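Q: I am new to this entry and would like to be taken through it. Could we look at it together?

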Amino acid sequence: MESIDRVSRLGATLTLFGSVVWITLKTSFTIWFQTFTSFVYLKIIYGIEHWLTLILLVSTVILSFRVISYVWLELITFKVFNDPEDGKEAIKRANKAFDAI
C-alpha cells in the first residue's frame, strides 16, 4: 500500500470517526437528560432507555479506543526507520488495528 493511500485512509477514518462520535454522543446525552428530567419511575429504577443509552456510550468508548490506537499506530508508520523491517512491522500493526475497527 502506498503512502498516499495510507494518508487517505487515515483522513477518512478521522472524518468518519469524528462524525459518528459527535452524533452518538449528542444523541446519547439527549436521551440521557430527557430520561432523567421527564419521566417518573414508580416500579423499576432502570428502564429500557437507560440500557440503550448505556449501550450507546459503552460502544462509543470501545470504538474510540480502537480508533485512537489505530491513529497512533498509523502515525508511527510515517516515522523514518533505520531498519526497513521495523517500518514493515509498523505498517502490519497499523493494518491490524484498522481491521479491528
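Predicted model: local features only at pLDDT ≥ 70, side-chain atom pairs only at ≥ 80, totals over all residues.

Q: Where does Ser64 lie?
A: Ser64 lies in helix H2.

Q: Is Ser64 buried or exposed?
A: Ser64 counts as buried, because its relative accessibility is 16% and the limit for buried is under 20%.

Q: Let us step back. What does the secondary structure of the chain come to?
A: The chain has three helices and zero strands. Read along the sequence, the pattern is α-α-α.

Q: How many residues of the chain count as buried, as a percentage?
A: The chain has 101 residues, and 24% of them count as buried.

Q: And which residues make up the largest nonpolar core?
A: That core has nine residues in all: Leu10, Phe17, Val21, Val67, Tyr70, Val71, Leu73, Ala94 and Ala97. At least two of the core residues come from each of helix H1 (3–38), helix H2 (48–77) and helix H3 (84–100).

Q: Which helix gives the largest share of this core?
A: The largest share comes from H2, with four residues.

Q: What does Val71 touch, not counting residues up to four places away in sequence?
A: Val71 touches Leu10 and Leu14 under that condition.

Q: How far apart in sequence are the contacts in the chain?
A: Taking contacts between residues at least 6 apart in sequence, 70% join residues at least 24 apart.

Q: New topic: the aromatic rings. How many aromatic pairs are there?
A: The count comes to one aromatic pair. The ring centres of Tyr70 and Phe98 are 5.3 Å apart and the planes are at 50 degrees, so the pair is tilted.

Q: Why is it described with those two values?
A: A pair of aromatic rings is described by the distance of the centres and the angle of the planes.

Q: Which parts of the chain does the pair link?
A: The pair links distant parts of the chain, with Tyr70 in helix H2 and Phe98 in helix H3, 28 residues apart.

Q: What lies over the face of Phe98?
A: Arg9 lies over that face, at 4.3 Å from the ring centre.

Q: Now to H3 itself. How many residues does it have, and how far does it reach?
A: H3 has 17 residues and reaches 25 Å from its first C-alpha to its last, close to the 24 Å expected at 1.5 Å a residue.

Q: Which residues of H3 are buried?
A: Gly87, Ala90, Ala94 and Ala97 are buried in H3. Seen down the axis of H3, the buried residues fall within an arc of 85 degrees, so they line one face of the helix.

Q: And which are exposed on the other side of H3?
A: Pro84, Lys92, Lys96 and Asp99 are exposed there.

Q: How about H2: what should it span, at 1.5 Å a residue?
A: The 30 residues of H2 should span 44 Å, and its end C-alpha atoms are 44 Å apart, which agrees.

Q: Which residues are buried in H2?
A: The buried residues of H2 include His50, Thr53, Thr60, Ser64, Glu74 and Thr77. Val67, Tyr70, Val71 and Leu73 are also among them.

Q: What about Glu49?
A: Glu49 lies in helix H2 and counts as partly exposed, at 26% relative accessibility. The C-alpha atoms of Glu49 and Trp32 are separated by 7.7 Å, and these residues are 17 residues apart along the chain.

Q: Last one: where is the place of Ser59?
A: Ser59 is in helix H2, and at 36% relative accessibility it counts as partly exposed. Ser59 and Thr24 are 9.6 Å apart in space, C-alpha to C-alpha, and 35 residues apart in sequence.

Conventions. Residues numbered from 1 in each chain as written. Heavy atoms only, no water. Core = buried A, V, L, I, M, F, W, Y, C linked by side-chain atoms within 4.5 Å. Buried < 20%, exposed > 50% of the residue type's maximum accessible area, 1.4 Å probe, protein only. Contact = heavy atoms within 4.5 Å. Phe/Tyr/Trp six-rings, centres within 6.5 Å; stacked < 30°, edge-to-face > 60°. Lys NZ or Arg CZ within 6 Å of the ring centre and 35° of its normal. Expected span 1.5 Å × (residues − 1). Arc of directions from axis to C-beta.
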